[in-house]
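Hi,

Here is the structure I promised to pass on. My notes follow below it.

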Amino acid sequence: MLKIRNLDAGYGNLRVLKNISLHVDGGEIVTMIGANGAGKTTLLSTVIGLVQPTSGSIAFMDQDCAPLASRHIVASGCVLVPEGRQVFAPMSVEENLILGGYVLQKKEGKAAVYRELKHQYDLFPVLRERRNQLAGTLSGGEQQMLAMGRALMSRPRLVMMDEPSTGLAPLVVRDIFKVIVQLRKEGNTVLLVEQNAKAALSIADRGYVLETGKIIVQGPAEDLLANQDVQRAYLGREKID
Amino acid sequence: MSREDLEQLQLERLQSTLYRVGTHVPFYRKKFAELKIDYDDFKSLADLRRLPFTVKQDLRDNYPYGLFAVPQRDVVRIHSSSGTTGLATVVGYTRNDLKNWSDLVARVLTGAGVTKDDVIQIAFGYGLFTGGFGLHYGAERLGASVIPISAGNTKRQIQIMQDFKTTALVCTPSYALIIADTMMEMGINPSSLSLRVGLFGAEPWSEAMRHEINAKLGIRATDNYGLSEVMGPGVAGECEECNGLHISEDHFLLEVLDPDTLEPVEPGEVGELVVTTLTKEAFPMIRYRTRDLTRLIPEPCACGRTFTRMQRIMGRTDDMLIIKGVNVFPIQIEKVLFEIEGTAPHYQIIIERENHNDKITVLVEVNESLFFDQMKKQRQMVDHIKARLASELGIGVNVKLVEEKTLERSEGKSKRVIDKRKL
């Protein structure tokens, strides 16, 4: 579904991503873990067209997306749930969601948007409860759900999530991750960028470890959980048998 | 998986393997620096050709742990090469390596038609040799019932085969024939056994030997390939078509190169097999020269698997004998002997040098009945074998007939060649 080859990207003279190759197949949860400043957000920004690659290729659904503008990438079914939610604070929950359905409305009309809205309310019942509340007044976890719901409103093929667990209480993180698993069950494909390596690897099929702009290890998520390098660097402990 | 998807996966895995060896293994770090290889600029599988080779001597120079890519505490298993041709070498495995190894051998077993309903007798040596444990893990992973009998004590092997209703046999092909012969001596009809399939490896063998094993044991004999330096068994294995070994290309990158120029041979041509591991953690290998000769089979397999096949090992670049300037492979001699009525599957090749002249003698075991017959028949037999060998090899060969069971038997790898030349 998503295929990245030898991607280099950066800002000015700064080379942030170095020769990144990764792929996401349909129906998978793939996680990209790494510390602050490793280049995780830059990678997602490059895929969605906010940062231009200096070399390498990005193909989504076998189509080269490097020359495409972000709105075309989103229209082709690749969406980003940005770090820090970025919900539209002065608008209501429902208005936020309907905005997310913009692409869908252009393609299939208003009725489709309302059908999808109902689906999001089923997936996130708390959003239905707060449909008329201003997004800025929601709790962190609720805002995260709103950001996810807004992205899903376009009925994407691939959902990319940038650190959905940031700043959330462990219990809330658990709820968010449950929803991600649920999304996969419904046939969605997820690229999950996380610092919370353990939580991400425990729901993912495969993972990549990014360190200072390079992929240093990749493999099935359970292998990465057992990998001593990953344990030392990201899970903060060594496994004691 | 489409070829394109496979290549994406191979590239990703190769890139992280290069990072791993480039940062963790001083030997590769130095080599990369010398050759000015920046693994960050490794863009495609074709770049593989810029990488340095690793040879057996490198393993010996870094004996025992110099090539390990993880600290000792992460290594959960140590094996050693069987040392058929010289000093032993040491290899290590992390927990993930053992898991992948099990999965890959299970894949080979499945390809050969083994299922969890099978009772599998592993007559490979257990111990430092990777064959026994490798097949053992794979069979357990598959859920088959494993009999870890190890090599040796042929009569007991047969007894257990009968009593435990073994359905699958794992050993070297030459040992399979020893078992078959011993069975005959004991007056046991193989068709009274439950045995139906065999997985043979660890030494080169011929198609003729396969037919012999199939006929004598009444089974389907399949070939599988691996070497301890890159993992052990599980690198490649035959499917039920018995027509070439499917390579586990998601874990190993295989090249076939001309052993002299080290350039790739034309697709389908014979050359030396060079292996790069893609997922090994403890002991990654970059372009390991196996010295094994084979060819890749470009045509798709009738079984539907998309992994490329390699032909059974056709010999080794280093057991290739050069006699009077002619390249001779022991396997060629074996092939001829198998085609001749009355010879047993045991033979030995002796090479001597007299007055700067190479002399090759093949000792052939023949059925007892032949020796009670007249001299004339024996001479005819010798002449016949000589003529056949001369036309196969292109050089003259001495042939001596010996009685059955006079040549040394081995329960592991047979020593077929005795080179007395001091070169």
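To start with the sheet: which residue stands opposite M161(A) in β8(A)? It is L192(A).

Before the rest, some housekeeping. This is a predicted model, in which local features need pLDDT of at least 70 and side-chain atom pairs count only at pLDDT 80 or more, while totals for chains, interfaces and linings use all residues. Residues are numbered from 1 along each chain as its sequence is written, and chains are lettered from A and ligands numbered from 1 in the order in which they are written. Helices (H or I, at least four residues) and strands (E, at least two) are DSSP runs, numbered from the N terminus.

β7(A) runs parallel to β8 (residues 189–194) of chain A, and five bridges join them; strands count as paired if DSSP finds at least two bridges between them. Both belong to an open, mixed sheet of six strands in chain A, ordered β6-β7-β8-β3-β9-β10. β6 (78–81) and β10 of chain A are the edge strands, each pairing on one side only. From one strand to the next the twist averages 15° (axes are lines fitted to C-alpha atoms, for helices over the stretch in contact, and angles run from 0 to 180 degrees between N-to-C directions).

Now the interface. 17 residues of chain A are in contact with 16 residues of chain B, contact being C-beta atoms, placed from the backbone, within 7 Å. On the side of chain A that touches chain B, β10(A) gives the most, with six residues. That side of chain A divides into five nonpolar residues, eight polar and four charged (Ala, Val, Leu, Ile, Met, Phe, Trp, Tyr, Cys and Pro are nonpolar, Asp, Glu, Lys and Arg charged, and the others, Gly among them, polar).

Most residues other than glycine have a negative phi, and most peptide bonds are trans. D62(A), though, has a positive phi near 65°; this residue is in the loop between β4 (53–60) and β5 (63–64) of chain A. D62(A) counts as exposed because it has 8 C-beta neighbours inside 10 Å. R155(A) has a positive phi as well, near 50°, and lies in the loop between α7 (140–152) and β7 (158–162) of chain A. With 18 such neighbours inside 10 Å, R155(A) is partly exposed. The cut-offs, with C-beta atoms placed from the backbone, are 20 or more others within 10 Å for buried, 12 or fewer for exposed, and partly exposed in between.

In chain B, the Y63(B) to P64(B) peptide bond is cis, with omega near -5°. P64(B) sits in the loop between α3 (56–61) and β1 (77–80) of chain B.

Cheers

Terms used: Two residues are in contact if their C-beta atoms, placed from the backbone, lie within 7 Å.
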